[in-house]
Amino acid sequence: METLGFLMEGFAVALTPYNLMFALFGAFVGTLIGCLPGLGPANGVAILIPLAFTLGLPPETAMILLTAVYAGAMYGGRISSILLNIPGDEPAMMTCLDGYPMAQKGRAADALAVSAIASFAGGLIGTIGLIMLAPVLAKFALTFGPAEYFALFLLAFATLGGITGKNPMKTVVAATLGIMISTVGIDISTGTQRYTFGVLELYEGIDFILAIVGLFAISELLFFVEHRMGGGREKMTVGKLSLTFKELVTTIPTQLRGGILGFISGVLPGAGASLGSFISYTLEKQVLGKKGKFGEGDIRGVVAPEAGNNGASSGALVPMLTLGVPGSGTTAVLLAMLISLNITPGPLMFTQNADIVWGVIAALLIGNVLLLVLNIPLVGFFVKLLSVPPMYLLPIVTMVAFVGIYSISHSTFDLYFMVAFGVAGYFLRKLEIPLVPIILGLLLGPEMEKNLGHAMVLSDGDWSILWASPLAMGLWIVAGLGLVLPYLVGPLLRRRMNAAMKESPVSD
Amino acid sequence: MTSFGDRILGLGLLVLAVAYGWAAQQWPEPFGGAESVGPETFPTILSVVLVAGSLYLMIKPDPDAQWPIGKSALELVVSVVVLIVYALLLEPLGFIIATTLAVGTLSWRMGAVPNRAFLTGLISAVVVFVLFNHGLSLSLPAGLLEVN
């Protein structure tokens with residue numbers, strides 16, 4: 001088994017004390033970020049990127065840190081769902097359905113414990129899936145030519161809105177805006193200055209880290225200022241653990257089903273963790289039928305979405321690592337990190353940067369174990385943190401974003417740029433223009449242009465090369481479907497998710 | 001008229017798309033003659049896509065979001081101004097003073113008691129400063145507090 005050998009090498013990378021320390025730190029910070037309402041995994045990873053840079057971490061360490069944050073945030077999301085009935089992000093919504101009722105019945109400790117175990121199972125299943133699927137897909141992707149890559153990028157944009165996205169045209173607009181920003185600077189192939197207006201700072205283009213931190217972190221602050229979620233929260237008591245071993249054993253089939261379903265929906269472009277937790281929950285409801293008390297605090301109602309959600313987060317790494325095409329917002333941010341480290345994501349990464357890829361995968365496995373170990377005893381600490389009023393917390397988070405950006409270049413020019421992106425992000429979010437396609441456009445724009453150029457050179461300027469091969473044609477068709485499906489399936493799915501939320505007797 | 005937001009956005013994007021596309025046509029032909037894909041090809045495609053997208057937004061706008069009015073709009077402006085002033089003062093005043101003021105003002109405007117807000121600002125500023133300058137040996141500006 002070739003893969004196993006690589007994985008062993010990966011463990012050798014991930015298990016060095018230095019990397020292990022960062023994995024632990026990332027897992028801890030990630031859980032912290034995940035459990036704070038309003039801060040999702042994408043924001044968390046975005047804020048930590050500049051720090052990873054300024055610390056001058058080696059590439060594999062930086063990636064290990066950020067993947068641990070990502071996995072941790074997925075773990076942490078469940079805490080506020082269960083205790084406060086406030087999902088930190090969309091995938092955590094389904095956990096509220098049975099988690100909060102359990103907490104109300106005084107079984108908060110059990111819900112937290114069992115959801116940590118489910119997150120572990122989901123993450124583990126997802127990572128195993130990643131180990132099996134990624135090398136195969138990477139090999140397949142080696143057959144891609146420039147035309148196929150161009151079509152693949154289109155596919156990524158088309159499906160990024162996700163099937164829950166509202167208006168696909170807004171995804172198109174967002175992606176175009178992002179690619180447009182990426183064209184600012186000196187054209188690599190001809191040396192032409194594009195859209196620099198003679199401003200020196202723009203010659204090298206707009207740094208996407210500024211854009212990411214501004215769009216995610218600063219706009220989040222502005223949203224908070226507008227809504228003023230208010231001061232302290234009621235103090236939550238967790239209570240004693242009364243979970244029996246027998247009860248835990250009965251959830252094993254649910255863990256397996258949820259993890260596998262989650263992984264599959266994570267791999268599929270555009271589906272992501274929201275769908276993962278949703279279908280795992282619905283399937284479980286159908287499988288158990290009347291035997292379950294879903295919506296009233298059934299333990300399996302907590303297990304299914306958490307396993308699904310964490311399975312999906314590993315699944316989303318498959319297209320990111322093998323094709324260089326992220327399946328979700330957070331993986332887009334991770335991709336940004338890879339590109340900034342001068343690593344071209346995609347099939348070649350598996351041969352050229354095998355130590356990084358396998359180090360990250362091994363770190364995911366280790367991270368999941370760390371998270372489980374961290375989460376059970378420290379849950380009380382994370383719960384306490386929930387009672388820190390966001391009015392103190394958000395300004396500090398914003399300040400950390402400032403420090404991170406400033407430390408990279410020591411230029412205040414960058415800070416103004418970041419604030420400008422934050423204000424723009426606020427308006428765009430208000431107008432329901434999704435931010436992730438903008439980021440992805442910024443990241444993939446240059447690659448897209450390069451591949452277009454190569455394809456044209458190969459065909460002597462014949463544009464039909466872009467859809468000439470069956471593979472490229474297939475990608476175009478899937479991309480087309482990705483744009484049309486949200487119109488057809490999206491409203492239905494959203495309605496069902498909302499209906500499920502309403503069915504639950506306690507949620508308001 | 002409802003759906004004002006999307007229409008204005010559409011109009012703005014249309015102007016942007018046309019200006020962006022027009023600018024691309026003005027670049028001199030690169031040395032070595034025109035290739036099938038020059039520096040202007042890709043931007044031209046993008047501007048066409050954005051024109052189509054902006055027209056769509058104007059023709060089929062989504063219902064309007066709730067925009068903040070009065071006090072919360074003012075608070076938003078205040079926050080943005082605080083961030084800009086923070087960037088402006090970071091180097092002259094130094095990290096600790098600038099951060100105390102910025103974090104303090106922000107949490108105060110979000111509803112914290114002023115004393116506690118500025119205390120939070122001071123504590124977090126000192127912690128981050130010490131952590132960065134001594135723990136991670138990255139220099140943040142000391143500004144007025146510089147000890148010679």
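In this predicted model, Glu247(A) has a relative accessible area of 21% and is therefore partly exposed, where buried means under 20% relative accessible area, exposed over 50% and partly exposed in between, with a 1.4 Å probe and protein chains only. The model is a prediction in which local features need pLDDT of at least 70 and side-chain atom pairs count only at pLDDT 80 or more, whereas totals for chains, interfaces and linings use all residues. Residues are numbered from 1 along each chain as its sequence is written, chains are lettered from A and ligands numbered from 1 in the order in which they are written, and side-chain values use heavy atoms, with hydrogens and water left out.

**Salt bridges**

Glu247(A) meets the side chain of Arg107(A) in a salt bridge of 3.2 Å, N to O, a term that stands for a side-chain nitrogen of Lys or Arg within 4 Å of a carboxyl oxygen of Asp or Glu. This pair links distant parts of the chain, 140 residues apart, since Arg107(A) lies in the loop between helix H5 (93-104) and helix H6 (108-141) of chain A, while Glu247(A) belongs to helix H10 (residues 245-250) of chain A. Helices here are DSSP runs (H or I, at least four residues), numbered from the N terminus. Arg107(A) has 22% relative accessibility and counts as partly exposed. Salt bridges that share partners join Arg107(A), Asp110(A) and Glu247(A) into one network. Over all chains the count comes to 12 salt bridges, and between chain A and chain B it is two.

Lys170(A) forms a salt bridge with Asp6(B) and another with Asp62(B). The bridge to Asp6(B) crosses between chains, from helix H1 (residues 4-25) of chain B to helix H8 (residues 168-182) of chain A, and both Asp6(B) and Lys170(A) are buried. Asp62(B) lies in the loop between helix H2 (41-59) and H3 of chain B and Lys170(A) in helix H8 of chain A, so this pair also joins two chains. Lys170(A) has a relative accessible area of 1% and is buried, and Asp62(B), at 16% relative accessibility, counts as buried as well.

| Salt bridge | Distance, N to O |
|---|---|
| Arg107(A) and Glu247(A) | 3.2 Å |
| Asp6(B) and Lys170(A) | 2.9 Å |
| Asp62(B) and Lys170(A) | 3.0 Å |

**The contact between the chains**

Chain A and chain B bury about 5,300 Å² between them, 78% of it on carbon and sulfur atoms, where buried area is the accessible area (1.4 Å probe) that two parts lose on being put together, summed over both. The contact takes 59 residues from chain A and 63 residues from chain B, with contact meaning heavy atoms within 4.5 Å.

Between the chains, Lys430(A) lies over the face of Trp67(B), at 5.9 Å from the ring centre; a charge sits over a ring if NZ of Lys or CZ of Arg is within 6 Å of the ring centre and within 35 degrees of the ring normal. In chain B, the charged end of Arg109(B) sits over the ring of Trp108(B), 4.8 Å from its centre.

**Aromatic pairs**

The model holds 19 aromatic pairs over all chains, counted when rings of Phe, Tyr and Trp (its six-membered ring) have centres within 6.5 Å, with planes under 30 degrees apart called stacked, over 60 edge-to-face and the rest tilted. Phe402(A) and Tyr86(B) form a tilted pair, 4.7 Å centre to centre with 40° between the planes, and this pair crosses from helix H18 (residues 390-409) of chain A to helix H3 (residues 70-93) of chain B. Phe402(A) is buried at 2% relative accessibility, and Tyr86(B) is buried at 4%. The rings of Trp467(A) and Trp476(A) have their centres 5.8 Å apart and their planes at 90°, so the pair is edge-to-face. Trp467(A) is partly exposed, with a relative accessible area of 38%, and Trp476(A) is partly exposed at 29%.
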